[in-house]
Amino acid sequence: MRTIDLAPAHAAKSTKDWFTKKQLEVLAWPANSPDLNVIENLWAIVKRKIRDRKPTTLDQLKQNIATAWETVSAETCDKLVKSMPRRLQAVKQAKGAATKY
């Protein structure tokens, strides 16, 4: 049986019925947990890359963000994805509490 998080989009009755029909177990932890959401780690990387820039316009800010995203390597993304088993184990051991991730 596969597992799915409890994001609001996954909590609608019709969605729960679909999960039941497909025999998917819904996990009882918040979907927005940074421990389980690698995009949060990617955003942190981007923020570090643009932290010292001081844009004065919205267009400059957008350009800084776009430039920073372009410098995030495929290897970085791959490492984050491959860290998921460790992240899941850490959350399980912490009984849903925060972890080092």
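**Entry 1: the end of helix 5.** I looked up what follows helix 5 and found Lys95, whose phi is positive, near 55°. I note that the model is predicted.

Entry 2: I asked which residues of helix 5 (residues 84–93) are buried, and they are Arg87, Ala90 and Val91. Seen down the helix axis, these buried residues fall within an arc of 95°, so they line one face of helix 5. I recalled that an α-helix has 3.6 residues a turn, so residues three or four places apart point the same way. On the face turned away from the buried side I found the exposed residues Pro85, Lys92 and Gln93.

**Entry 3: partners of helix 5.** I then checked what the buried residues of helix 5 pack against, and I found helix 2 and helix 4 (74–82). I also listed the contacts of Leu80: leaving out residues up to four places away in sequence, Leu80 touches Val38, Asn41, Leu42 and Arg87.

**Entry 4: the core.** Leu80 is also one of the eight residues of the largest nonpolar core, with Val38, Leu42, Ile45, Val46, Ile50, Ala68 and Val72. Helix 2 (residues 38–50) gives the largest share of this core, namely five residues. I recalled that nonpolar side chains tend to be buried together in soluble globular proteins.

**Entry 5: the whole chain.** I recorded five helices and two strands in the protein chain, arranged along the sequence as β-α-β-α-α-α-α. Of its 101 residues, 24% are buried. I noted an accessible surface of about 7,600 Å², with 56% belonging to carbon and sulfur atoms. Among contacts between residues at least 6 apart in sequence, 43% join residues at least 24 apart.

How values were computed: Residues numbered from 1 in each chain as written. Predicted model: local features only at pLDDT ≥ 70, side-chain atom pairs only at ≥ 80, totals over all residues. Heavy atoms only, no water. Core = buried A, V, L, I, M, F, W, Y, C linked by side-chain atoms within 4.5 Å. Buried < 20%, exposed > 50% of the residue type's maximum accessible area, 1.4 Å probe, protein only. Helix = DSSP H or I, 4+ residues; strand = E, 2+ residues; numbered from the N terminus. Contact = heavy atoms within 4.5 Å. Arc of directions from axis to C-beta. Areas by Shrake-Rupley, 256 points an atom, 1.4 Å probe, with all protein chains shown as cover.
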